[in-house]
Amino acid sequence: MLNPQQQEAVRYLDGPLLVLAGAGSGKTSVITQKIAHLARSGLYAINEIAAITFTNKAAREMRERAAKLLGEGASEGLTVSTFHAMGMRFLEIEHAKAGLRRGFSILGEDDSRALIKDLAPKSANNEVLERLRFLIGRAKNQGLNPEQALARAQTPREREAAELYASYAQRLLAFNAVDFDDLIALPVRLLDADEDTRAKWQRKYRYLLVDEYQDTNVAQYRMLRLLAGERGMFTAVGDD
């Protein structure tokens with residue numbers, strides 16, 4: 001059973017909603033109950049609703065709970081995924097606009113490390129390589145392309161990482177590949193730059209729900225903001 005505050009959060013459909021509460025207080029229940037409420041309200045088709053969380057396990061559990069609430073077959077078409085899985089689906093559909101070819105590959109951490117090692121100065125030891133890799137990933141998560149990262153670099157190491165980022169991005173493009181950070185960074189860049197694509201995906205996902213909102217980074221926040229648009233129809237729940 002939901003308490004009165006939870007019931008109010010489930011019923012609220014007039015705009016953006018942020019739910020803050022402590023661990024174990026039933027925040028995820030608010031999301032699953034709200035999915036059911038949205039579908040039953042008749043205002044949203046089930047395939048216009050997307051729920052986003054941070055692990056595949058959490059997404060699987062949320063999908064199962066929503067399916068149980070909605071009944072057999074009624075949850076077909078519901079999107080429940082991580083930010084990265086949603087980004088991957090976006091790139092599978094919009095690969096050409098993102099500069100990719102169909103069937104692009106996703107580099108794992110080991111492959112990413114190996115590529116950075118191949119492109120970095122031969123004198124770079126493992127500690128330096130990890131720092132460079134971290135700085136490239138940070139730039140992507142901040143929504144910066146290589147030129148922007150170079151312009152913002154404040155230390156010699158940051159400048160080195162930005163220059164390496166440019167070579168790394170070119171090599172990925174040549175390989176028709178992306179790394180894990182690109183699964184968010186590339187969709188954000190495209191949604192931000194292309195009004196038609198942005199409008200298309202805002203129509204696709206008319207209501208968004210985000211679990212564990214306190215864990216979002218800048219890129220994930222920008223993805224949510226771009227998908228929600230000015231209408232701001234989303235519910236985010238997180239730890240206080």
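Reader: Which helix gives the most residues to the lining of the second largest pocket?

Author: In this predicted model, the second largest pocket holds about 310 Å³ of space. Two or more lining residues come from each of helix H7 (146-152), helix H8 (156-174), strand E5 (177-178) and helix H9 (182-193). The element that gives the most, with six residues, is H8.

Reader: Which residues lie nearest the centre of the second largest pocket?

Author: By class, the lining of this pocket has two polar, four charged and eleven nonpolar residues. It is made up of 17 residues, and those nearest the centre are Ala169, Gln170, Leu173, Leu186 and Arg189.

Reader: Ala166 is also found in helix H8; what is its relative accessible area?

Author: Ala166 belongs to helix H8, and its C-alpha atom is separated by 5.1 Å from that of Pro146, a residue 20 positions away along the chain. Buried would require a value under 20% and exposed a value over 50%. Ala166 is partly exposed because its relative accessible area is 26%.

Reader: Where is Asn176 placed, given its positive phi?

Author: Asn176 is not a glycine, yet its phi is positive, at about 55°. With a relative accessible area of 7%, Asn176 is buried. Its place in the chain is the loop between H8 and E5.

Reader: Glu212 has a positive phi as well; is this residue buried or partly exposed?

Author: Glu212 lies in the loop between E6 and H11, and its phi is about 50° although the residue is not a glycine. The limit for a buried residue is under 20%. Glu212 has 26% relative accessibility and therefore counts as partly exposed.

Reader: How many residues does H6 give to the lining of the largest pocket?

Author: The largest pocket contains about 370 Å³ of space. Of its 21 lining residues, Glu109, Arg133, Gly137, Phe180 and Asp181 are the closest to the centre. Helix H5 (109-119) and helix H6 (126-141) are the elements that give two or more residues. H6 gives the most, and its number of residues is eight.

Reader: Which residues line the largest cavity?

Author: The count comes to one cavity of 30 Å³ or more, and the space in the largest cavity is about 30 Å³. Helix H4 (83-94) and helix H11 (218-228) are the elements that give two or more residues to its lining. By class the lining has six nonpolar residues, with no polar and no charged ones. These residues are Met86, Phe90, Leu191, Trp201, Met223 and Leu227.

Reader: Which members of the largest nonpolar core touch the most other members?

Author: This core has 27 residues. Strand E2 (49-53), H4, H9, strand E6 (207-210), H11 and strand E7 (234-239) each give two or more of them. One member, Leu208, touches Ala50, Leu224, Leu227, Ala228, Met233, Phe234 and Thr235, leaving aside residues up to four places away in sequence. The members that touch the most others are Leu91, Leu208 and Leu227.

Reader: How many residues does the second core have?

Author: This core is separate, and Val10, Leu13, Ala36 and Met62 are among its members. Its number of residues is 24.

Reader: Which residues does Thr32 touch beyond four places away in sequence?

Author: Thr32 is found in helix H2 (residues 27-41). It counts as buried because its relative accessibility is 3%. Its contacts, not counting residues up to four places away, are Met62, Arg65, Ala66 and Leu69.

Reader: How many residues apart in sequence are the parts tied together by the pair of Tyr44 and Tyr207?

Author: The model has four aromatic pairs, and the one formed by Tyr44 and Tyr207 is edge-to-face, with 5.6 Å centre to centre and 75° between the planes. Tyr44 is buried at a relative accessible area of 9%, and Tyr207 is buried at 0%. Because Tyr44 lies in the loop between H2 and E2 and Tyr207 in strand E6, the parts that the pair ties together are apart in sequence by 163 residues.

Reader: Which residues form the aromatic cluster?

Author: Two residues of this cluster, Phe90 and Trp201, also line the largest cavity. The cluster is formed by Phe90, Trp201 and Tyr205.

Definitions and conventions: Residues numbered from 1 in each chain as written. Predicted model: local features only at pLDDT ≥ 70, side-chain atom pairs only at ≥ 80, totals over all residues. Heavy atoms only, no water. 1 Å grid on protein atoms, 1.4 Å probe; cavity = no way out; pocket = protein on both sides within 12 Å on 5 of 7 lines; lining within 4 Å. Points joined across faces, edges and corners; volume = space filled by probe spheres on them. Helix = DSSP H or I, 4+ residues; strand = E, 2+ residues; numbered from the N terminus. Nonpolar A, V, L, I, M, F, W, Y, C, P; charged D, E, K, R; others polar. Core = buried A, V, L, I, M, F, W, Y, C linked by side-chain atoms within 4.5 Å. Buried < 20%, exposed > 50% of the residue type's maximum accessible area, 1.4 Å probe, protein only. Contact = heavy atoms within 4.5 Å. Phe/Tyr/Trp six-rings, centres within 6.5 Å; stacked < 30°, edge-to-face > 60°.
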